[in-house]
Amino acid sequence: LRQVSWCVTVVVVSDDPAFLAAFAEWSLKGRLLVWPTRLLVVTRLPLPELHYLHKLLSTTNSMLLVVQDTSGKFRFLRRPTLAVATEALHSREVTKKDKDGKNTDTMVDYLAQGLNFTYKYVQPADGTFGSKQNDGSWSGMVGMVARGEADIALGPFGITESRTEVVDFTWPVMIQYSRIMGSRGLPEVDPWGFLLPLTPQVWTAILAVLLLLPVVIFLLSSFFSFKAVNQHTWTKAIFDLIRILLQQGFHKPSFTQTTWYGAASGGGEQLWRDGW
């Protein structure tokens, strides 16, 4: 890779000490991390835990970036009162009453305790989440936050590109997936559906063979049979070909039907038997 590339940059991102130690060991044994190769190691581990990278970083063209995690460390020094925008449905159904009879929200309570603030609810005039108007302004809760009428707003909000131009979104607290459903409809029987499995060329060849075979059967029966060709045999041959094409069975009785006729003649009785 180094030989076929004009410039190689290797970026390693990990908080696993075992992985970083193994990477440092195998990098010193290999030939990829030479001086022209640039190496960037990104981690959140403190420097005392990265001593095994010292030799690797000192002998290569590399840089170490330690990202400090500051989440959860911010708190208001003084306890301000923030205006929380919410739509009417949320204030009626999701909130609850505390011991003093005031509306509270579990999510807002959690943030208020962690960030050291109190809050009050404000509602937009139209009771909506917010959409961009024709004149460029915003309605609903997004408009209140964008104009400074509210400090934060409760969702769930759909993150769109146009909304990110006027407000900032927090880290997703909940991810919800929406789907559009439609009726399957009733099954419809296509009387010509049997033509679909085969192409028109195949059906043309089948019909051509179906017309050609009776002619061949008739000629063979005429030239090679001592008996005259019966019209019943000719019709039956055509019927059998159509029956095979349509995959229809044929039932032939396995017994001989016998009919007895009785007639009186003179002083005795005589029976005749006719069977087929």
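Figure 1. At 13% relative accessibility, N116 counts as buried. The cut-off for that label is under 20% relative accessible area. The structure is a predicted model. N116 sits in the loop between α4 and β7 (118-122). Its phi is near 65°, a positive value in a residue other than glycine. Most residues other than glycine have a negative phi.

**Figure 2. The largest pocket.** The volume of the largest pocket is about 1200 Å³. Helix α4 (106-115), helix α5 (140-147) and strand β8 (152-153) each give two or more residues to its lining. Helix α4 provides the largest share, 5 residues. In total, 34 residues line the largest pocket.

Figure 3. A153, G155, T170, W171 and V173 are the lining residues that lie nearest the centre of the largest pocket. The lining of this pocket divides into 25 nonpolar, 6 polar and 3 charged residues.

**Figure 4. A nonpolar patch on the surface.** Seven names make up this view: L212, V215, V216, F218, L219, L220 and F223. Together they have about 660 Å² of accessible area. F223 belongs to helix α7, which covers residues 200-224. With 66% relative accessibility, F223 counts as exposed. The cut-off for exposed is over 50%.

**Figure 5. The D15–R44 salt bridge.** The whole structure holds 3 salt bridges. In one of them, the side chains of D15 and R44 meet, at 2.8 Å from N to O. D15 lies in the loop between β1 (9-13) and α1 (17-29), and R44 in the loop between β2 (38-43) and α2 (54-59), so the pair ties together parts that are 29 residues apart in sequence. D15 is partly exposed, at 34% relative accessibility. Side chains of opposite charge can pair when their charged atoms come close.

Figure 6. A salt bridge joins the side chains of E25 and K29, with 3.4 Å from N to O. Both residues are in helix α1. They are 4 residues apart, so about one helical turn separates them. E25 counts as partly exposed, at 42% relative accessibility. K29 counts as exposed, at 55%. The boundary between these two labels is 50% relative accessible area.

**Figure 7. The R147–E149 salt bridge.** R147 pairs with E149 in a salt bridge. Their closest N and O atoms are 3.0 Å apart. R147 is partly exposed, with a relative accessible area of 49%. E149 is also partly exposed. Its relative accessibility is 44%.

Definitions and conventions:
Residues numbered from 1 in each chain as written. Predicted model: local features only at pLDDT ≥ 70, side-chain atom pairs only at ≥ 80, totals over all residues. Heavy atoms only, no water. 1 Å grid on protein atoms, 1.4 Å probe; cavity = no way out; pocket = protein on both sides within 12 Å on 5 of 7 lines; lining within 4 Å. Points joined across faces, edges and corners; volume = space filled by probe spheres on them. Nonpolar A, V, L, I, M, F, W, Y, C, P; charged D, E, K, R; others polar. Patch = residues over 30% accessible without salt bridge, like charges linked within 9 Å, V, L, I, M, F, W, Y side chains within 5 Å. Areas by Shrake-Rupley, 256 points an atom, 1.4 Å probe, with all protein chains shown as cover. Salt bridge = Lys/Arg side-chain N within 4 Å of Asp/Glu carboxyl O. Buried < 20%, exposed > 50% of the residue type's maximum accessible area, 1.4 Å probe, protein only.
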